[in-house]
Amino acid sequence: MGLAAEGDCALRVIATVVSVPLPGRATIDAGTKTLTSDKAHHREGFGIVVGQPDIAITGLNEEHGFLQFDPAKVQLRVGDRIEIIPNHSCVIPNLNNTITGVRAGKPVEAIAVDARGCNY
């Protein structure tokens with residue numbers, strides 16, 4: 001909706017490319033259980049790939065996300081990691097006991113998600 005810039009969004013998901021079946025298509029290891037099925041109101045897709053405006057997250061199943069891109073502009077290989085700003089963030093703390101705090105691109109601490117309600 002234009003309310004925040006990419007740099008204003010603190011929550012990020014790191015996903016790994018697990019398949020590149022065709023030029024311009026890739027599969028990542030983050031699906032609805034990570035990114036939710038919520039779409040944005042002002043654009044297509046299931047999140048923003050940070051620093052990669054030419055990559056679109058076009059579909060999800062529970063465990064995987066499906067990317068589309070112009071292979072003349074973007075090259076992805078199995079094992080590449082991408083950073084995603086999800087459209088909706090509630091599922092991330094709900095399904096994780098800890099979240100990693102990052103500063104200047106480096107992990108600095110594990111933050112417990114106390115409100116999750118786990119006793120372990």
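Let's start in the middle: the largest nonpolar core has 20 residues, and those touching the most other members are Ile 28, Ile 57, Leu 67, Leu 76, Ile 82 and Ile 84. A nonpolar core here is a set of buried Ala, Val, Leu, Ile, Met, Phe, Trp, Tyr and Cys residues joined through side-chain atoms within 4.5 Å. At least two residues of this core come from each of strand 1 (13-22), strand 2 (25-28), strand 4 (55-60), strand 5 (65-69), strand 6 (81-86) and helix 2 (91-94). Helices (H or I, at least four residues) and strands (E, at least two) are DSSP runs, numbered from the N terminus.

A word on ground rules: this is a predicted model, where local features need pLDDT of at least 70, side-chain atom pairs count only at pLDDT 80 or more, and totals for chains, interfaces and linings use all residues. Numbering runs from 1 along each chain as its sequence is written, and side-chain values use heavy atoms, with hydrogens and water left out.

Now zoom in on Ile 57. Leaving aside residues up to four places away in sequence, Ile 57 touches Leu 35, Gly 45, Phe 46, Gly 47, Val 49, Phe 66, Leu 67 and Ile 84, where contact means heavy atoms within 4.5 Å.

Six strands make an open sheet, ordered 3-6-1-2-5-4, with antiparallel pairing; two strands pair if DSSP finds at least two bridges between them. Strand 3 (47-49) and strand 4 sit at the edges with a single partner strand each, so one side of each has no neighbour in the sheet. From one strand to the next, the twist averages 40°, using axes that are lines fitted to C-alpha atoms (for helices over the stretch in contact) and angles from 0 to 180 degrees between N-to-C directions.

You can walk across the pairings. Three bridges link strand 3 to strand 6, and Val 49 has Ile 84 as its bridge partner there. Strand 6 also pairs with strand 1, over four bridges, with Ile 14 partnered by Glu 83. Strands 2 and 5 are joined by four bridges too, and Arg 25 stands opposite Gln 68.

Off the sheet, have a look at Thr 36, in the loop between helix 1 (32-35) and strand 3. Thr 36 isn't a glycine, yet its phi is positive, about 65°. This residue is buried, at 11% relative accessible area; buried means under 20%, exposed over 50%, and partly exposed in between (1.4 Å probe, protein chains only).

Finally, the cysteines. There are zero disulfides, a disulfide being a pair of cysteine sulfur atoms within 2.5 Å. For Cys 9, the nearest cysteine sulfur is that of Cys 90, 14 Å away. Cys 9 is partly exposed at 25%, while Cys 90 counts as exposed at 53%.
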